[in-house]
Amino acid sequence: MPVRHPVAEFERVSGLDRWTIARQFRAAFGTSPTRFRTMRQLDVARRALRGGLPPAAAALAAGFADQSHLTRRFKGAYGLTPARWQAACTPPDAADTSRWATGGAPDGGSGGSGGSGFERLDDGGHVEAAVAEGERLGEQRVAGVEQR
């Protein structure tokens with residue numbers, strides 16, 4: 001059986017046309033049905049990324065066509081690529097040196113990084129600030145929907 005588009009299913013069940021459904025959906029949820037679906041897909045992708053899945057696998061798990069589709073939508077919504085967001089959310093691990101620079105302590109010590117021998121590359125706190133802002137805005141949107 002072919003997969004039906006959700007709006008087509010709403011049309012069939014309600015007897016309303018797609019434009020009326022879209023207006024009523026926007027009035028109820030404050031966004032379009034398409035944007036609402038995309039944000040839910042991004043929520044699934046963020047959970048998958050936070051769980052350690054690579055961006056390509058997270059894209060497929062969330063229902064995006066491919067990793068580039070996820071990246072375009074993710075960056076549009078949060079201002080960061082999925083990999084950059086995942087890196088900001090991932091706790092430091094001495095085995096993962098791709099995001100870390102060796103500590104420059106002259107005595108060969110850890111350079112004040114708590115003994116791991118690595119320090120976080122300085123990005124001025126921009127990544128963490130963007131992640132926090134994106135999550136805060138997402139929580140506000142969800143809270144607004146739940147209040148209606």
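Predicted model: local features only at pLDDT ≥ 70, side-chain atom pairs only at ≥ 80, totals over all residues.
Guide: Residues are numbered from 1 along each chain as its sequence is written, and side-chain values use heavy atoms, with hydrogens and water left out.

Visitor: How do you know how many helices and strands the protein has?

Guide: Helices are DSSP runs of H or I with at least four residues and strands are runs of E with at least two, numbered from the N terminus. By that rule the secondary structure comes to seven helices and two strands, and the elements run α-α-α-α-α-α-β-β-α from the N terminus on.

Visitor: Why is threonine 38 called buried?

Guide: Buried means under 20% relative accessible area, exposed means over 50%, and partly exposed lies in between (1.4 Å probe, protein chains only). Threonine 38 has a relative accessible area of 10%, so it is buried. This residue sits in helix α3, and, leaving aside its neighbours within four places in sequence, it is in contact (heavy atoms within 4.5 Å) with Phe64 and Arg73.

Visitor: Why is glutamine 67 called partly exposed?

Guide: Its relative accessible area is 37%, and therefore glutamine 67 falls in the partly exposed class, which lies between the 20% and 50% limits. Glutamine 67 belongs to helix α5, residues 67–78, and its contacts, apart from neighbours within four places in sequence, are Pro55, Ala56 and Ala59.

Visitor: What makes the span of helix α3 close to the expected one?

Guide: The expected span of a helix is 1.5 Å times one less than its number of residues. Helix α3 (residues 33–50) has 18 residues, and the distance from its first C-alpha to its last is 26 Å, close to the 26 Å expected. Just after α3, glycine 52 takes a positive phi of about 105 degrees.

Visitor: What makes a set of residues a nonpolar core, and which members touch the most others in the largest one?

Guide: A nonpolar core is a set of buried Ala, Val, Leu, Ile, Met, Phe, Trp, Tyr and Cys residues joined through side-chain atoms within 4.5 Å. The largest such core has 15 residues, of which Leu42, Phe64, Leu70, Phe74 and Tyr78 touch the most other members. Two or more residues come from each of α3, α4 (55–62) and α5, and the largest share, five residues, comes from α3.
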